[in-house]
Amino acid sequence: MTGSTRGFTLAEVLVAVLILSVGLLAIAASSGSVYRMLGYGRLSTEVAHVASSRLEILRREANKTSPRCQSAGLVSGIDTADNNLVERWTVSGTGPSRSIVVVITTPTGHGPASDTILSTLDCR
Amino acid sequence: MRRRAGFTLVELLMGLIIMGIVAAALTKVFLSQQRLTVTQVEQASMQANVRTGTLILANELREIGNNVTGGNDIKTFTSTSLTYRAMRSVALACGITSGGVRIRQNPIYGARPITAGRDSMLLFVEHGLGTTGDDEWVRLPITGITVSTCLTPDSAPAYRLATSGLPAASEVRLDAPVRTYEIMQVAPVVQGGHNWLGARSVSGGEALTPVAGPITVAGLSFSYLDENGNSTGTRSNIRSIRIVLRGQTDWNVRPGNGLVGPSQPLLDSLVTTVTLRNMRLP
């Protein structure tokens, strides 16, 4: 037999398989990250709606009395919305306006995350 | 004897089998990736549609009022349909003459021209000058629009909105605000085999057309809440409206990772609450 037989060595094959699997893994990982981003987007939308709903409810509470903001229900509180979103809101200030801080805590795969939304209620 | 170059049948078959296995695996990866992409695109599109639908509804309904002078902005309300007055433009009155209100051509704040029949107006009437207690918005139909001028000595370019049931000219201040509105309805509508969030101008004689969706069957629901957040069926008690919009994908897609489970539409829903802004305080 002259020289080495033509063909791939085991090492070459292993390297090729490795490169191929790295490529496939990258594809799989990208679809996973797209799913994660879709999930985040969905969650942020829901958080925004929960927070704005809370602001609207506080506004309704403020409008109960004339002049506004005298209602006993216009106080800080905590509630749990759908999908285990926890909303905490604080009402502070006196006089012609109230400061509202709504903090929404969401359970995620990496532990709870919070979003904070600030607003002001007109009490005149 | 020297061996001839080439492959034996066994080598060839082995090669073909291995190539087949590799090709099959690659095709499978490719196809599942393709399905996954379709699922993800559909899901993203559905989420955008539901988000858009709730934003449209919240923004439309935020502006309406209740118990205001000049009538109630909510015309009819059910758990799936709402008919309301939608404000379309604001202008300034510069002359009340027999059967017509003249408004300045400039400024008129609105997204489209005022249309006779489709639009009506609310005219701010001062009545007595010394008090605000008797001020009111008077609802008037718009039966025609012609180019005109403001009353002398102003004589600026104006439109004359023909109407009926006008108050006395002396009770309306110069540059009193005029708001024009049309009657709108939001309700589900079926088109092309899907349910949609639909809207139409009732006063414009339109049919319901889709504005966002697709939504599920019974995918739109309204609850009407009083000042304590309890459900109410009395129009004058409505203070806020809770909107639930349930969306679905246009097509059946593979759920989850795109590989398992039967093909079916993906569903998602959003809930939002909007408090009516233009309420007269108690």
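Strand 2 (residues 86–92) and strand 3 (residues 97–108) of chain A run antiparallel and are joined by seven bridges. Strands here are DSSP runs of E of at least two residues, helices are runs of H or I of at least four residues, and both are numbered from the N terminus. Two strands count as paired if DSSP finds at least two bridges between them. Within this pair, A:Trp89 has A:Val102 of strand 3 as its bridge partner.

The model is predicted, so local features need pLDDT of at least 70 and side-chain atom pairs count only at pLDDT 80 or more, while totals for chains, interfaces and linings use all residues. Residues are numbered from 1 along each chain as its sequence is written, chains are lettered from A and ligands numbered from 1 in the order in which they are written, and side-chain values use heavy atoms, leaving out hydrogens and water.

Let me turn to the sheet as a whole. In chain A, four strands form an open antiparallel sheet in the order 1-2-3-4. Strand 1 (77–80) and strand 4 (111–122) of chain A are at the edges with a single partner strand each, so one side of each has no neighbour in the sheet.

Across strands 1, 2, 3 and 4 of chain A lies helix 1 (residues 10–62) of chain A, which runs at about 150° to strand 3. Such angles run from 0 to 180 degrees between N-to-C directions, with axes fitted to C-alpha atoms, for helices over the stretch in contact; contact means heavy atoms within 4.5 Å.

How do helix 1 of chain A and helix 1 of chain B pack? Their angle is about 15° and their axes are 11 Å apart, the chain B helix covering residues 9–62. The two helices are therefore roughly parallel to each other, a term for angles under 35 degrees. Among the residues making the contact are A:Leu24, A:Tyr35 and A:His49 from chain A, and B:Val29, B:Leu36 and B:Arg51 from chain B.

Next, the disulfides, defined as pairs of cysteine sulfur atoms within 2.5 Å. The whole structure holds two over all chains. One of them joins A:Cys69 to A:Cys123, with 2.0 Å from S to S. This pair links distant parts of the chain, 54 residues apart: A:Cys69 is in the loop between helix 1 and strand 1, and A:Cys123 is in the segment after strand 4.

Finally, chain B. Strand 10 (residues 177–191) of chain B pairs antiparallel with strand 3 (residues 82–97) of chain B over ten bridges.

Methods. Angles under 35 degrees count as roughly parallel, over 145 as roughly antiparallel, 65 to 115 as roughly perpendicular and the rest as oblique.
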